[in-house]
Amino acid sequence: MGPKTRILDATMLVFRRHGFRRSSIEQVAEAAGLTRQALYHHFKSKEALFRAVIERVHESAIAAEETAVAEAETAGGDLGDILAAGMTARMSTMISSLDGSPHLEELYSEHLVHARDLYQTYAARYAERMVATITKIGRKQQLALPQDLSPAEFARLVEMSVYASKSQYPAMQPSDAFLKDMAIMVRTLCAGAVPKSSPKSAKPPIKKAAINQKPTRSKTGGHP
C-alpha cells in the first residue's frame with residue numbers, strides 16, 4: 001500500500017469518527033503512521049484531504065455503477081432493472097464510505113462547501129453515463145420512452161427521483177429503506193418505456209384471377 005492510499009484510508013477513518021470540523025491534520029498523520037511533515041508532502045491542508053477522499057468516493061461509485069449496469073444487462077434485465085441496479089450500486093458505495101459515522105449530515109454539507117466543483121463535475125459525469133445507458137438499452141431493446149422524451153430528458157427525471165428519495169431520508173438513512181424506495185421510483189419511471197410497435201406489414205394487393213370466357217353459341221344454332 002502506497003503512502004497516498006494509506007493517507008486517504010486514514011483520512012476517511014478520521015472524518016467518519018470526528019466529522020470535518022473537529023478533524024485535524026495531526027489526527028490524520030497519526031492514523032496513517034506518518035509525521036505531520038510527511039503528510040504535508042502529499043496534501044497541503046485538511047481541505048485538500050477532504051477533497052481527495054470525496055473524489056475517491058465518487059470514482060468508486062462510478063466503478064460500482066458501471067459493473068452493476070453491465071451485470072444487469074448481461075442477465076437480460078429490462079431498462080428498469082438496469083438503471084435501478086446501477087443507481088443502487090452507486091448510492092450504496094457512497095453510503096458505505098461513511099457507514100456508521102455520527103457526522104453524516106455535517107460531512108454531506110461540508111462536501112458542498114469545500115468541493116462544490118467536484119460535486120458538479122461528478123453530477124455531470126453521472127448524467128452522461130446514464131444518458132449513454134438509456135440510449136444503448138433503448139436501441140437494443142427497441143424502446144419508446146414515455147411522452148416522446150429524449151434519453152437526456154428521461155435521465156434527468158431518473159436523477160430527480162433520486163433527489164426526491166433523498167428528501168425523504170436525511171443523509172440517506174436508514175439506508176435500506178432509502179435504497180428500496182429509490183429503486184421503486186426508478187422502476188416506476190422506466191415502466192413507461194415500452195417496446196416500439198412494429199409497423200404492420202402492408203398486405204400485397206389481391207390479384208383478381210383472370211376469367212376465361214368460353215365462346216358462346218348463337219341461340220339460332222349458327223356458328224359464332
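Buried here means under 20% relative accessible area, exposed means over 50%, and partly exposed is what falls in between (1.4 Å probe, protein chains only). The model is predicted, so local features need pLDDT of at least 70 and side-chain atom pairs count only at pLDDT 80 or more, while totals for chains, interfaces and linings use all residues. Residues are numbered from 1 along each chain as its sequence is written, and side-chain values use heavy atoms, with hydrogens and water left out.

View 1. Rings of Phe, Tyr and Trp (its six-membered ring) pair if their centres lie within 6.5 Å; planes under 30 degrees apart are stacked, over 60 edge-to-face, and the rest tilted. That rule gives five aromatic pairs. Helices are DSSP runs (H or I, at least four residues), numbered from the N terminus, as are strands (E, at least two). Phe 15 is buried at 2% relative accessible area, and Phe 50 is buried too, at 4%.

**View 2. Phe 20 joins in with a tilted pair to Phe 50.** Here the centres are 4.7 Å apart, with 45 degrees between the planes. Phe 20 comes from the loop between α1 and α2 (25-32) and Phe 50 from helix α4, so the pair ties together parts that are 30 residues apart in sequence. Phe 20 is buried as well, with a relative accessible area of 5%. Put together, Phe 15, Phe 20 and Phe 50 make one aromatic cluster.

**View 3. Two charges sit over rings.** The test is NZ of Lys or CZ of Arg within 6 Å of the ring centre and within 35 degrees of the ring normal. Lys 46 lies over the face of Phe 20, 4.5 Å from the ring centre. Arg 90 does likewise over Tyr 126, at 4.0 Å.

**View 4. Helix α5 (residues 79-97) is largely enclosed by the rest of the structure.** Of its 19 residues, 14 are buried. First to last C-alpha, α5 reaches 27 Å, close to the expected 27 Å, which is 1.5 Å times one less than the number of residues. At the start of α5, a side-chain oxygen of Asp 78 comes within 3.2 Å of the backbone nitrogen of Gly 80.

Technical notes
Polar contact = N/O pair within 3.5 Å; in protein donor to acceptor, adjacent residues only side chain to side chain.
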